[in-house]
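Please open the structure in a viewer and keep the selection tool at hand. The stops below say what to select next and what is there.

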Amino acid sequence: MAGGTVHVVCAVSDSTLELRPLDGSSDLLCFSHDDIKCMLDECKASIEYGYFSNAEAARRALAGSSLVSRMGAAEKAQIFRKKLFVDCYLEAEKDGEVTRSNDSCVAFLPELEKRVEAKILENIRLGQDGTELGKLLSMKHPGRTALMAWVREWQKTHDPMCLAKKSRFNGANAKRLSSQVENVLQTAIKTYLHPNRVNVRHVADEANRAIRELNKSLVLNDQIPVREVSERTVYRRIEGLDQFETCAAREGAAKAKNKFGPYGQGLEIEAPLQRIEMDEWQIDLLAYLEGAGVDVSDPKFDELRTGRFWMCVAIDAATRVILAIKVARTPNVEAALATLWLAMRNKSEISRQLGCKKAWSQHGHIFNVVVDNGSSFVNPDFKAALSDLGIGYEVLPAGVPKLRSRIERVFRTLGTMLMPFLTGRTFGNTQERGDYPADQYVLHTADSIVELMVRFVVDAYHHRPHRGLEYATPADAWDRLMGLYGYSPAKSPHALRHFLGIPLQRQLGRHGVLVCGIAYTSRDLAAFFQRRGAQQIDLRMDPEDMGCLSVWFDDAWHTIPAGLQNARGVSLAVWEATIRDLRRSNKAAARLHIEIVDAALERIKQIDDHQRAWRQIGPLTVSAKDIRRAEHESFFGLSFGTVPGEAVEENPSVGTASLTGALSETAASKEHADEGEPSVSDASDQPSLSVDPQPEWRFSDEDEQG
């Protein structure tokens, strides 16, 4: 994909790759393999896996750019309810319990309903959203016609999107107005676009007056009169108008420019990554929980002072390479998504910072994920992320470990090869533990467990002969199979952030969106604000890189850069520590120049490397709640760049930006912390937007700018 254009691979040689754009905009393009790799590494090129497959083509034809993860909880629950009916029916059909004849299917429906209800109750017991799933139990069960339609649709594409309500895409459920009423309504709305600033209620009254006149003529011609429209219908039509043009017509072009002008700164597994098995394991080791973010200073937490951590692991079935591990206090979907994200990222820097001798470089695009019925893996959010990333998904029955033998064997390997060297181990069961006083030998924390696990995996497990690989090491098997089958690069960091980042909601304003004191904006976002005005929009954030945000608008994810240039590559923890340090050392300052921020960032980055590597594996998973807390406590009143509503310094020093009043306890105000629509300053004071990054190669056919 290049700038929204699909290119087809025409020919491949040992040294070159020929591409042809489908839109016929140019002739054949020839690139060397090194050039292609360079473009992939720089996010200027991306690969859309299975773009021409029947399933992907059917999905684009049906849903366009719609994503399962963007649906509401109720709609996702409906989709996966239909999927349960389809799965149970196909399983019964395979076992010969039912056929597709009318009599056989109708007779089997009561038994099918019982099986589906049992699975829904099991999912509720496993900790899923009981509110939405509970509603499914009271819903009317499908008849044979509906069930067969679901089965046929699923067998065509095997894509959950095919089970979504078709009215989502064609508006069949919308209240329809006749062409006569629509014409009357559009004529009445023109009176709203007038300097007299007519009220919406008056527009509705005018429309209904015209409809009553229309009904008189219809009655005279022996035709059925039409219904009058509600005020809400008129309001929805007005909401769909271009906000900039509406404001210009009602309040003048100058007011529109000032209000909407942009503000900001600029199973026979042969190939690696073919099948990935994921599971969770409670580590056989008692540890102190302080390192897991649990405050145990209060006496009421004495019983929680020590405990056992859980570890989520992803292993490549073909090479036995462990692609990711994530330590968590309890099993949860956030840890599962973080493990999936880590598996597709290069972890060499993590292993280096944690003192490993070898590099943990194994990563790439995952083609299929196999899990059990754990609550983290059957969660709709986990399924939706896999669906939108184009990753296959299989749930194997619980209690049959041989179906996921590789991941189960890894946990046994950890228990037999690593745990015997650690003090405070709990053993597999009480019989094995005997009289060993594990609770008296507690000395490990989350920090030490992370370092032990990473060092064992990278330096010991990956370079130890494995019987399942004919006594080759997992690292050697990875290198050999990569040379044989080639490397499948993971989706771009932007695409991974779109679907796996921390979900947030922020108010869109002239400054763009403000997160942790940093304004994020781009020309596309500013243009959207001009059209739609201030509103709450959805974001996705990577806590390890504050340089970009994923913002959802125009029915697609967009990558929006930070206004603070030094934010690229800076983690949330580093940024928070920087601001705390500057607030302590500059309490009396009313204005702080960017050189001080740069120096503080460099100083903290130098001492943060080890902790940054540990955080990506450790249990301190940053959540949306943590970000809200940090914004209230650390970034209160902070807004990088010119604060909305303040006069701009006339002659700033060359090359210097400032944090106006942001780091002064006396200057910070509640107005600056809010993310509502900022007060409007003179249009001439608006700094121009920085030039957007070059259009990136990406993984979807959505109209997205990098």
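Contact here means heavy atoms within 4.5 Å. Helices (H or I, at least four residues) and strands (E, at least two) are DSSP runs, numbered from the N terminus. The model is predicted: local features need pLDDT of at least 70, side-chain atom pairs count only at pLDDT 80 or more, and totals for chains, interfaces and linings use all residues. Residues are numbered from 1 along each chain as its sequence is written, and side-chain values use heavy atoms, with hydrogens and water left out.

**Stop 1: H3 and H6**

Select residues 73–94, helix H3, and residues 144–157, helix H6. From H3, Arg81, Lys82, Lys83, Phe85, Val86, Tyr89 and Leu90 meet Leu147, Met148, Trp150, Val151, Trp154 and Gln155 of H6. The residues of this contact of H3 with H6 divide into nine nonpolar, one polar and three charged. In this count Ala, Val, Leu, Ile, Met, Phe, Trp, Tyr, Cys and Pro are nonpolar, Asp, Glu, Lys and Arg are charged, and the others, Gly among them, are polar.

At what angle do the axes of H3 and H6 cross? They cross at roughly 90 degrees and come within 10 Å. Axes are lines fitted to C-alpha atoms, for helices over the stretch in contact, and angles run from 0 to 180 degrees between N-to-C directions. H3 and H6 are therefore roughly perpendicular to each other. Angles under 35 degrees count as roughly parallel, over 145 as roughly antiparallel, 65 to 115 as roughly perpendicular and the rest as oblique.

**Stop 2**

Next, select helix H8 (179–189) and helix H9 (200–220). In H8, the residues Val181, Val184, Leu185, Ala188 and Ile189 are buried. Buried means under 20% relative accessible area, exposed over 50%, and partly exposed in between (1.4 Å probe, protein chains only). The arc is that of the directions from the helix axis to the C-beta atoms. Ser179, Asn183 and Thr187 are exposed on the other side of H8.

What do the buried residues of H8 pack against? They pack against H9 and helix H10 (231–239).

Before moving on, select Arg197, in the loop between H8 and H9. Arg197 is not a glycine, yet its phi is positive, about 55 degrees. With 47% relative accessibility, Arg197 counts as partly exposed.

**Stop 3: Ile269**

Select Ile269, in the loop between helix H12 (253–260) and strand E4 (276–282). Is Ile269 buried or exposed? Its relative accessibility is 16%, so Ile269 counts as buried. Leaving aside its neighbours within four places in sequence, Ile269 is in contact with Gln274, Arg275, Ala317, Ala318 and Arg406. Asp316 is 47 residues from Ile269 in sequence and 9.5 Å from Ile269 in space, C-alpha to C-alpha.

**Stop 4: H19**

Select residues 474–485, the twelve residues of helix H19. Pro474, Ala475, Ala477, Trp478, Leu481 and Met482 are the buried residues of H19. Because they cover an arc of only 160 degrees around the axis, they are on the same side of H19. On the other side of H19, Asp479, Arg480, Gly483 and Leu484 are exposed. Strand E7 (310–316) and strand E8 (322–328) are what the buried residues of H19 pack against. After H19 comes Gly486, with a positive phi near 90 degrees.

**Stop 5**

Follow the chain to Ser492, in the loop between H19 and H20. Ser492 is buried, at a relative accessible area of 6%. Select His365 as well: Ser492 and His365 are 127 residues apart in sequence and 9.9 Å apart in space, C-alpha to C-alpha.

Then select helix H13 (residues 333–343) and helix H20 (residues 493–500), whose axes come within 11 Å and cross at roughly 170 degrees. That makes H13 roughly antiparallel to H20. Leu337, Leu340 and Trp341 of H13 and Leu496, Arg497 and Leu500 of H20 make the contact.

**Stop 6: Cys516**

End at Cys516, in the loop between strand E12 (513–515) and strand E13 (518–520). Cys516 has a positive phi near 55 degrees, in a residue other than glycine. Its relative accessibility is 1%, so Cys516 counts as buried.

How values were computed: The expected span of a helix is 1.5 Å times one less than its number of residues.
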